[in-house]
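Reader: Can you walk me through this one? I'm new to reading structures.

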Amino acid sequence: MMINNNNTTLEMCVSNVTYDRLFHISNSIWHVVGFFGVLFGIPGHILQIIISLNKTSRKEPTSLYSIAISVVETVFLLGLFWLWCVNMSFIKTDPREFLSCGIFYNIIVGSGSLSHLYLASLSIDRSIIILDPTRYRLIVTRSHVILRILLITFIITLLLIPHYFYFHYVPRVTIFLCDFNPSLYYRRIRIWTFIHAILLVGIPSLIVCICSAILLHNRCKHKRTYKNNFSANARRMHRHSILLFVFSLGLFLSLLPGCILEIFIVHDRFFYDTIYCSIRWKIYRILPNLFLTLSSITYSNKFYIHLTISTTFRDGFIQLITCKSNQKSTKSIKMSETNNNEQYLLSPINQTKTIDIYQK
């Protein structure tokens, strides 16, 4: 939020009671939502990994994406929980001082960026089964998925290594995770903020939205084609495709504003280094709280969405918590696969089933 008019700036800086109140409200929301995000998110990701490693799920190459996403989002939530504990005064040692701000920034931003890129890659693979179902098993293989995960991880690691030397932490000055010296690293940091916002968050999130829209369009087309013989199973799949699209859109809208905020903070940090307005400072302290709140929701809900829309995944979860025998569970899952042609959030549908549906 840029304020260029000196009279307006002066007037707002004098009257700052409202902003103080908003800051405390945003801080309280972050404290509550952040705690519940970690409380439900980390166990959910652990369950996601366990279910993805069972005999049935690991047959699908894309289950590797589920494991990778769960691992990096668990790392993100652990880092977020450390910040939360420091903010609540449960822990005195700030991770940005203990690990160095560069390392902590790389852990938080790196794990988030990896999650976006893994999910985008998964969405592309899932769309192949609709766009080219006959070649799905040839294109999406375990070696293909492993290679893509390793390549994404390697590229993000290379991009993040220089930031270890750029960032530092000053408690009274730092607004958004870390601070930097604007006279030395401004151009590099500014280029990085655009790379992060556009290439690592915006485009991957947009890809997820587009792939979800392809799935929804396919389901709507199927509904129009078989409107007189639209089964309960097909209606359920249609509802799930809508839910998946809404989630994808929510992911895009919740993550991109935080990256745009980072761009504005870097801009103001350079041009207003010596004339900080207390209100601008308050605004920038309110918005990161909202960003952390949205992040705690975004990186903790994938297990529960997957559990909601995937019958096979839900069967695996029931098997895990009830300790059913593997034979009974496998039989149940096979029956479910026979009767259900569904699109999963973190694993695509079976190729043969898709061909049967779309070539009727």
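Author: We'll go from the whole chain down to single residues.

Author: This is a predicted model, in which local features need pLDDT of at least 70, side-chain atom pairs count only at pLDDT 80 or more, and totals for chains, interfaces and linings use all residues. Residues are numbered from 1 along each chain as its sequence is written, and side-chain values use heavy atoms, with hydrogens and water left out.

Reader: OK. How many helices and strands does the protein chain have?

Author: The protein chain has 15 helices and two strands. Both are DSSP runs, numbered from the N terminus: helices are H or I with at least four residues, strands are E with at least two.

Reader: And what share of the residues is buried?

Author: Of the 360 residues, 52% count as buried. Buried means under 20% relative accessible area, exposed means over 50%, and partly exposed is in between (1.4 Å probe, protein chains only).

Reader: Which residues form the nonpolar patch on the surface?

Author: Among them are Val71, Ile103, Leu151, Phe154 and Tyr164. Together the patch residues have about 1100 Å² of accessible area. Patches are made of residues with over 30% relative accessible area and no salt bridge; like charges are joined within 9 Å, and nonpolar side chains (Val, Leu, Ile, Met, Phe, Trp, Tyr) within 5 Å.

Reader: Which helix gives the most to the nonpolar patch?

Author: Helix 7, with five residues. Tyr164 lies in helix 8. Tyr164 counts as partly exposed because its relative accessibility is 40%.

Reader: Now the inside. Which residues touch the most other members of the largest nonpolar core?

Author: Tyr105, Tyr118, Ile149, Ile156, Phe167 and Leu177, out of 60 residues in that core. Helix 5 gives the most to this core, with 14 residues. A nonpolar core is a set of buried Ala, Val, Leu, Ile, Met, Phe, Trp, Tyr and Cys residues joined through side-chain atoms within 4.5 Å.

Reader: What is Leu177 in contact with?

Author: Leaving aside neighbours within four places in sequence, the contacts of Leu177 include Leu83, Arg96, Phe104, Tyr105 and Tyr169. Contact means heavy atoms within 4.5 Å.

Reader: Arg96 is on that list. Which residue does Arg96 meet in a salt bridge?

Author: Asp94, at 3.0 Å, N to O. A salt bridge is a side-chain nitrogen of Lys or Arg within 4 Å of a carboxyl oxygen of Asp or Glu. Arg96 is buried, with a relative accessible area of 13%. Asp94 is buried too, at 4%.

Reader: How many salt bridges are there in the whole structure?

Author: Five. In one of them, the side chains of Glu60 and Arg137 meet at 3.2 Å, N to O. Glu60 lies in the loop between helix 2 and helix 3 and Arg137 in helix 6 (residues 136-139), so the pair ties together parts 77 residues apart in sequence. Glu60 counts as buried, at 17% relative accessibility. Arg137 is partly exposed, at 30%.

Reader: Where does Lys302 come in? Which residue is its salt-bridge partner?

Author: Glu73, with the closest N and O atoms 2.6 Å apart. Lys302 lies in helix 12 (residues 302-309) and Glu73 in helix 3, so the pair ties together parts 229 residues apart in sequence. Lys302 and Glu73 are both buried.

Reader: New topic. Which residues does the UniProt "transmembrane region" annotation cover?

Author: The unreviewed UniProt entry gives several spans, including 63-83 and 145-169. UniProt positions are given in the numbering used here, feature names are shortened, and annotations may be inferred rather than shown by experiment. In the model, residues 63-83 are 100% helix and 0% strand, with end C-alpha atoms 31 Å apart. Residues 145-169 are 80% helix and 8% strand, with end C-alpha atoms 37 Å apart.

How values were computed: Areas by Shrake-Rupley, 256 points an atom, 1.4 Å probe, with all protein chains shown as cover.
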